[in-house]
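Keep the viewer open as you read.

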Protein chains: 2
Amino acid sequence: MKRNVLIIGAGGVAQVVAHKCAQHNDRLGDLHIASRTRAKCEAIIASVHEKNAMKVPGTFAAHAVDAMDSAAVAALIRETGAQIVINVGSAFVNMTVLEACIETGAAYLDTAIHEDPEKICETPPWYGNYEWQRRDRCKAAGVTAILGIGFDPGVVNAYARVAEGMLDKITSIDIVDINAGSHGKWFATNFDPEINFREFTGTVYSWQNGGWQTNKMFEVGQTWDLPVVGEQKAYLTGHDEVHSLSARYKDADVRFWMGFGDHYINVFTVLKNLGLLSEQPVKTAEGQEVIPLKVVKAVLPDPASLAPNYIGKTCIGDVVKGVKDGQPAEVFIYNVADHKEAFEEVGSQGISYTAGVPPVTAALLIADGTWDVGTMVNVEELDPKPFINLLNTMGLPSRIKDAQGDRPLDF
Amino acid sequence: MKRNVLIIGAGGVAQVVAHKCAQHNDRLGDLHIASRTRAKCEAIIASVHEKNAMKVPGTFAAHAVDAMDSAAVAALIRETGAQIVINVGSAFVNMTVLEACIETGAAYLDTAIHEDPEKICETPPWYGNYEWQRRDRCKAAGVTAILGIGFDPGVVNAYARVAEGMLDKITSIDIVDINAGSHGKWFATNFDPEINFREFTGTVYSWQNGGWQTNKMFEVGQTWDLPVVGEQKAYLTGHDEVHSLSARYKDADVRFWMGFGDHYINVFTVLKNLGLLSEQPVKTAEGQEVIPLKVVKAVLPDPASLAPNYIGKTCIGDVVKGVKDGQPAEVFIYNVADHKEAFEEVGSQGISYTAGVPPVTAALLIADGTWDVGTMVNVEELDPKPFINLLNTMGLPSRIKDAQGDRPLDF
């Protein structure tokens, strides 16, 4: 049983987290949001009040913090009395925020794997490089740390666990992420361009035939025919959840597929081949040291600015194949989200919405004790049923499609 | 009659100029080369000696100079005793170098129009913005200043003047620049990427129907069937020579066409649409101010590095239409250059070669008095015959193709 939430970060996902926390502040208690730039936090709180999102009168306060400074984050946790920290800041700050939680005993949630700004695509499994090295200390301190509890990773890990309960044996898990929406810009990324491109410049790791397979980005493509969004081309992509699901489902193939249009691939290919996605500094003729990727980020539209005009839908889910009663069986467990509905509710587009609702749902399960497990876990280690049920009521309804048809998923 | 040459700049074109001056130092006298970085000048001189390019024993000295500092350039002109300055530095230094020539009485040659680093594509005619404003002062001081004496602008202006002598009336001049060579890199520009891209990001000005017409880059394309290089797609492009030829040939259409492959256009379009070709600074998330175009330049291959592996040919010339003896008439006057031959002779690729040989040819005509006109001129104002004849012997032979066939051009 925990109360009072500190949100770290003030981007598009933080906006969703803030609105969703406000909608449930009767159960979450005081709300706080902190980022490097306090004004961004204040703007998010203003948008919460504009929508009258606070369920009951209560505290929602903005703070400035350097999240790379663990002691500063710990001090803020103590000052605010937060027992739950939802970290939706840059992926570079995960470990300093986690350390602050271990020090103070607060529960920790994040939505993406930790990254070192100077490294791209480290050795698999990625969770072994930073997060799992702190698992024993979380357990010893009784700290609940739920890793990667966005949509993907996050809800899709829970979907795998649901499928585990339905099949006698799992032979493959293919996570497919399709954004069939349109933002109307010539080119834009749906979240921080720096993180977005970093995902695709390194080796694509997948878990197949009991080991790590490596490919290049856009080397392996497959057309998927999915509910609502229809036929969509997706490409084998390196992604966080493959690095934890492969530990639990060692005998299954675990792959992640992300949908891309030809236009995105062309822009990405040009930038990558020219060296403009590099995180290593170059020197201009005038002698200025510059990291090209940071300049690309600077010229691209702010992902948050896309929300007002974003239309269309996303479809993200798990195609799980295996054996049931001695026969081959297949299930597809998924969610469809709508960009415009997301914007109308919380002022963010659908990609931010699908990433921001799950950690608040998990925070509610920590607040009521259901998921307050006192150790570090990936989502597939937790009972998925209360989570799926609560998500159904919070704007991200799950569905299942199998031999019996296509229907809502609940327990 | 003038002697002793000071070369300003140390890029690919300067390399060609240095070698060609050395090959004719019996007539040009002492040779000097200066740029911001003295080591670059020394490397060029070393390559001259490596090829034993000096026709007779003599001086070839390297100097460091800030060519944006007119007084420093004037001091260097006096120190070296140079009576001819070949300016093949950045297009940003033209006016400061010209001022130094006016002050010292040295003859001035350049190969590209002056540019202000902070402005792209100013009001036409471009020569009116900087160069022609100093015409009266050149005349008063008796200073010979030959503007734009590379290949295009430069030789192509002389070709227009040749055609003027062949036709009774000119109705159109289409300058076509095709590089059918291959550098083997995924993408590279043939000269300074900053200048290269700046040429194409602004308005495309052409002179048609007695006035300035405006288009966007890659808006108007046409396939040309040329000698040696065959059928090639070229696009209406803004270029220096249109801005002087339109003054002499007011009643003719004057257009410039540059050949581009689909790959170049795609890369250019991506960079331009994302804002990466902007000369205006952007601020990164970390607060660093950066000019995107300078970062693009920093990641692209150094044009000089392309030379050793460059193969294939260029074809640049003037399609001139008009009337002769009451009948419609057309001539094509052109040169074909070979990248590999250029590299073997002077250590530069063909684009640099075609730009660097003409100013040395003109310097020889100033040295012997033929073109030492004591005022500021564009190339079409000069007698083209001695120039074409001398170019024929210096590695850039001209040809003419008309109703009488395809044959060498000489006088």
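Zoom in on A:Glu286 and B:Lys294, whose side chains form a salt bridge with an N to O distance of 2.9 Å. Bear in mind that this is a predicted model. The rule picks out 2 salt bridges across the interface of chain A and chain B, and it also finds 5 residue pairs in polar contact there, both partners being at pLDDT 80 or more. On the chain A side, the elements that give two or more residues to this surface are helix 10 (262-274), strand 13 (282-283), strand 14 (289-290) and helix 11 (292-299). Sort the chain A side by class and you get 16 nonpolar, 6 polar and 6 charged residues.

Chain A puts in 28 residues and chain B puts in 27. Between them the two chains bury about 2,300 Å², with 71% of that on carbon and sulfur atoms. If you want to know where chain A loses the most area to chain B, look at A:Trp186, A:Leu274 and A:Val299, which together account for 25% of what that side buries.

How do the two chains sit relative to each other? Rotate by 180° with 0.1 Å of shift along the axis, and chain A superposes on chain B with an RMSD of 0.1 Å. That's the relation of a two-fold axis. Of the interface residues of chain A, 96% are also interface residues in chain B, so the copies meet through the same surface.

Next, hop over to chain B and find helix 8 (residues 193-201), where 9 of the 9 residues are buried. Charged names turn up in that buried set too, including B:Glu194, B:Arg198 and B:Glu199. The buried residues of this helix pack against strand 12 (253-259), helix 10 (262-274) and helix 11 (292-299) of chain B.

One last stop in chain B is B:Leu109, which you'll find in strand 5 (residues 107-110). Is B:Leu109 buried or exposed? B:Leu109 is buried, because its relative accessible area is 0% and the cut-off for buried is under 20%. Setting aside neighbours within four places in sequence, B:Leu109 is in contact with a list of residues that includes B:Ile84, B:Ile146, B:Pro359 and B:Ile366. For a sense of scale, the C-alpha atoms of B:Leu109 and B:Ala337 are 22 Å apart, with 228 residues separating the two along the chain.

How values were computed: Residues numbered from 1 in each chain as written. Chains lettered and ligands numbered in written order. Predicted model: local features only at pLDDT ≥ 70, side-chain atom pairs only at ≥ 80, totals over all residues. Heavy atoms only, no water. Contact = heavy atoms within 4.5 Å. Buried area = accessible area lost by both parts, 1.4 Å probe. Salt bridge = Lys/Arg side-chain N within 4 Å of Asp/Glu carboxyl O. Polar contact = N/O pair within 3.5 Å; in protein donor to acceptor, adjacent residues only side chain to side chain. Helix = DSSP H or I, 4+ residues; strand = E, 2+ residues; numbered from the N terminus. Buried < 20%, exposed > 50% of the residue type's maximum accessible area, 1.4 Å probe, protein only. Least-squares fit on C-alpha atoms with pLDDT ≥ 70 in both.
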